[in-house]
Amino acid sequence: MDQTQAPIIEPDVSFARRIIENGGDTLKKCFQCGNCSAVCNVTPDNAPFPRKEMIWAQWGLKDRLIGNADVWLCHQCNDCSAHCPRGANPGDVMAAIRNISFAHFAPFGLGALFTSKKYLPLLLLLPVVLIGVAVSFGSKQGFMSIKPIVFSNMMPVHVIDLVFLPTVGLAALAALIGVSNIMKSFKARTPGVSGQPGPMIPAAIKTVLGILKHEKMAQCEANAPRTIAHQMLFYGFFALLATTTLVAIMYWINKLGIGSVSATPLALAHPVKLLGNAGALLAFIGVSIIYKRRLTGDPKNVGKTGYYDSFFGTVLFWTITTGILAEIFRLIDISPAAFGVYYIHLVLVFTLLVYAPYSKFAHMLYRFMALTYSNAARRSKERVE
Ligand code: SF4
Ligand code: SF4
């Protein structure tokens, strides 16, 4: 063999160590039998995962793993882990590689702040101070004693916009850069793809339809109960997002004099309020089931819970919970509790949205892009029952 054409392998021991630290601590047990790839319901037949990723992870082949779309096609159902004769957990190794990817692809050099809990106080301090300053300058005097309780007396909508629009805008920019970076990597590093992928728009439509049905996750066996909970969280979250958008639109319609529509707080029977409350309830039940399974389920089935999972899961759970509690305290007219919980809710919303490109929240975007790329490249497995 011509040695000048031999593939160059550049092991990175520190990368293998990071996988281990992020939940992939069983990777060294793998002896490459291939059972995991055989039982995985979603892997393509051509260059299937996760067997190849296991050996690459053992060798610390960062360049092959980071930006490999296959890593994002895995839904951590853990069927592979349940069938591994060596007790390795490939599902957790794939999840660990995804978690490391958040810091790798998101820009502005902020990824390191999200890798360890030692930075958590700093990350929380920013929204605590920012929203505290906004409340002290923007609130109505004596807002705590004004009846009925109206949250915009503490944080007027234009002040919320002042705090959230630039910061969420920056987060959206970071997310777009992250998506652009990961797409370049998919094209360069995904095994089993030959030639140029096909058109992206039909592939994206196919991905959206698959996600709405949770098509891939529904094929999981070991971690099957998660699917319905994830669907509830997914639809609840988007109902809450739609509610927030509609409330903002209604506010600006009134403010700019374009028309006259209901102002907040909306009556309980108002359609937008009904949408918001239904979304909150759905999201709360979904996130509670996922959270409980993570805390009490068999790690072999539910997967290992690393720092990225804890950070995202905890922030998401308490964002939804504080939103519900703030409304309950408002309705039963307990001002200090209502405004106090609402303040914490705003801090958590900031943490969830503004840090999204660096946290596990970004998995929504990156998995969407990987599935779309994979559909365009005809890499997805078409299941034949
Ligand atoms: S089933 Fe286990 S030992 Fe076999 S290739 Fe997969 S991870 Fe390795
Ligand atoms: S966790 Fe599930 S989707 Fe991921 S590789 Fe294993 S069997 Fe496949």
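**Before selecting anything**

Residues are numbered from 1 along each chain as its sequence is written, while chains are lettered from A and ligands numbered from 1 in the order in which they are written. Since the model is predicted, local features need pLDDT of at least 70 and side-chain atom pairs count only at pLDDT 80 or more, whereas totals for chains, interfaces and linings use all residues.

**The whole protein**

Show the cartoon of the protein first, where you will find 16 helices and zero strands; helices (H or I, at least four residues) and strands (E, at least two) are DSSP runs, numbered from the N terminus. Along its principal axes the C-alpha trace spans about 80 × 45 × 40 Å.

If you colour by burial, buried residues make up 39% of the 385 residues, where a residue is buried if 20 or more other C-beta atoms lie within 10 Å of its own, exposed if 12 or fewer, and partly exposed in between, with C-beta atoms placed from the backbone. Among contacts between residues at least 6 apart in sequence, 75% join residues at least 24 apart, two residues being in contact if their C-beta atoms, placed from the backbone, lie within 7 Å.

**The two domains**

Next, select 8-105 as domain 1 and 111-376 as domain 2; these bounds come from an automatic or database domain assignment. The C-alpha centres of domain 1 and domain 2 lie 28 Å apart, and 34 residues of domain 1 are in contact with 38 residues of domain 2. On the side of domain 1 that touches domain 2, α5 (69-73), α6 and α7 each supply at least two residues, and α7 gives the most, with ten residues. The residues of that side divide into 14 nonpolar, 14 polar and six charged, where Ala, Val, Leu, Ile, Met, Phe, Trp, Tyr, Cys and Pro count as nonpolar, Asp, Glu, Lys and Arg as charged, and the others, Gly among them, as polar.

**The ligand shells**

Now select ligand 1, which is surrounded by 13 residues, the closest being Cys30, Cys33, Asn35, Cys36 and Cys84; a residue is near a molecule if its C-beta atom, placed from the backbone, lies within 6 Å of it. The elements that give two or more residues to the shell around ligand 1 are α2 (35-39) and α3 (51-59), and by class this shell has eight nonpolar, three polar and two charged residues.

Move on to ligand 2, where Cys40, Cys74, Cys77, Cys80 and Gly91 come nearest of the 16 residues around it. Here the elements giving two or more residues are α6 (79-83) and α7 (90-105), with the largest share, three residues, coming from α7. By class, the shell around ligand 2 has ten nonpolar, five polar and one charged residues.

**Threonine 190**

Select threonine 190, in the loop between α9 and α10, which is buried, with 23 other C-beta atoms within 10 Å. Leaving aside its neighbours within four places in sequence, threonine 190 is in contact with Asn68, Ala69 and Asp70. For a distance check, the C-alpha atoms of threonine 190 and histidine 104, 86 residues apart along the chain, are separated by 17 Å.

**Backbone features in the loops**

Follow the chain into α10, whose 14 residues reach 20 Å from the first C-alpha to the last, close to the 20 Å expected at 1.5 Å a residue; the expected span is 1.5 Å times one less than the number of residues. After α10 comes histidine 214, whose phi is positive, near 50 degrees, and which counts as partly exposed with 17 C-beta neighbours inside 10 Å.

Aspartate 333, in the loop between α14 (307-331) and α15 (335-354), also has a positive phi, about 65 degrees, although it is not a glycine; with 11 C-beta neighbours inside 10 Å, aspartate 333 counts as exposed.

Finally, select the cis peptide bonds. One joins lysine 147 and proline 148, with omega about -5 degrees, and proline 148 sits in the loop between α8 (120-138) and α9 (157-189). Another joins threonine 264 and proline 265, where omega is about -5 degrees, and proline 265 belongs to the loop between α11 (226-255) and α12 (271-296).
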